Amino acid sequence: MTTSVSQESVVALVSRTGRELQRYRKGRRQVVGCIPYRYIICDQTSLEIPEELEVLVITSKKSKRMLFPKGGWESDESKKEAALRETVEEAGVRGIIVGGKLGKWRFKGKNNGSLYEGYMFPLLVQEQLDIWPEQSVRQRTWMKVSEAREVCQQWWMREALERLVNRVTAHKLDH
């Protein structure tokens with residue numbers, strides 16, 4: 001029996017490496033990423049079903065600091081394509097980007113003081129993979145927003161998280 005597999009369901013088991021295709025703008029490395037999120041049902045005793053927002057954080061490769069998946073935006077892909085690719089490579093999740101980007105931030109790197117320009121997108125997770133490219137060098141953890149605020153050590157990612165929360169809250173109030 002033969003089974004056909006669509007290209008979308010296949011995940012490359014290696015991350016992109018190298019900087020040959022890396023985008024720079026005014027000396028700043030362009031990076032993109034996602035804040036993966038999902039809703040969980042909290043209270044099943046109530047007739048109203050309140051949902052709570054959870055976000056997925058990952059450890060950095062070297063220091064085990066907690067952050068959201070992000071990486072280089074390369075010249076052969078759009079911002080969204082790069083953000084989705086980085087999220088699969090680093091966190092092993094796929095989903096849909098809801099709305100546009102959460103914003104653009106300028107910041108310095110932790111170690112060498114390099115300059116960066118970062119863009120983050122909200123990713124409503126639809127699939128969590130058992131096998132993904134960086135599973136041997138990263139840990140992923142679902143947590144409540146309040147916990148993520150505590151553990152995420154990059155100011156600009158915390159700001160992106162607040163924008164996600166505000167967007168999701170405003171969307172719920174509209175419906």
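The legends below describe close-up views of aromatic rings in a predicted model.

**View A. Tyr37 and Tyr39 form one of the five aromatic pairs in the structure.** Tyr37 has a relative accessible area of 4% and is buried. Tyr39 is partly exposed, at 31% relative accessibility. Tyr39 is not classed as buried because that class requires under 20% relative accessible area.

**View B. Trp73 and Tyr119 form an edge-to-face aromatic pair.** The ring centres are 6.2 Å apart and the planes are at 85 degrees. Trp73 lies in the loop between β5 (70-72) and α1 (79-91), while Tyr119 belongs to strand β8 (residues 115-128), so the pair ties together parts that are 46 residues apart in sequence. Both residues are buried: the relative accessible area is 11% for Trp73, and relative accessibility is 5% for Tyr119.

**View C. The charged end of Lys79 sits over the ring of Tyr119.** The distance to the ring centre is 4.3 Å. The ring of Tyr119 is also the one that pairs edge-to-face with Trp73.

**View D. Arg38 lies over the face of Trp142.** Arg38 is placed 4.0 Å from the centre of the Trp142 ring.

**View E. Four aromatic residues form one cluster.** The members of this cluster are Trp105, Phe107, Tyr116 and Trp156.

Key:
Residues are numbered from 1 along each chain as its sequence is written. This is a predicted model: local features need pLDDT of at least 70, side-chain atom pairs count only at pLDDT 80 or more; totals for chains, interfaces and linings use all residues. Side-chain values use heavy atoms; hydrogens and water are left out. Rings of Phe, Tyr and Trp (its six-membered ring) pair if their centres lie within 6.5 Å; planes under 30 degrees apart count as stacked, over 60 as edge-to-face and the rest as tilted. Buried means under 20% relative accessible area, exposed over 50%, partly exposed in between (1.4 Å probe, protein chains only). Helices (H or I, at least four residues) and strands (E, at least two) are DSSP runs, numbered from the N terminus. A charge sits over a ring if NZ of Lys or CZ of Arg is within 6 Å of the ring centre and within 35 degrees of the ring normal.
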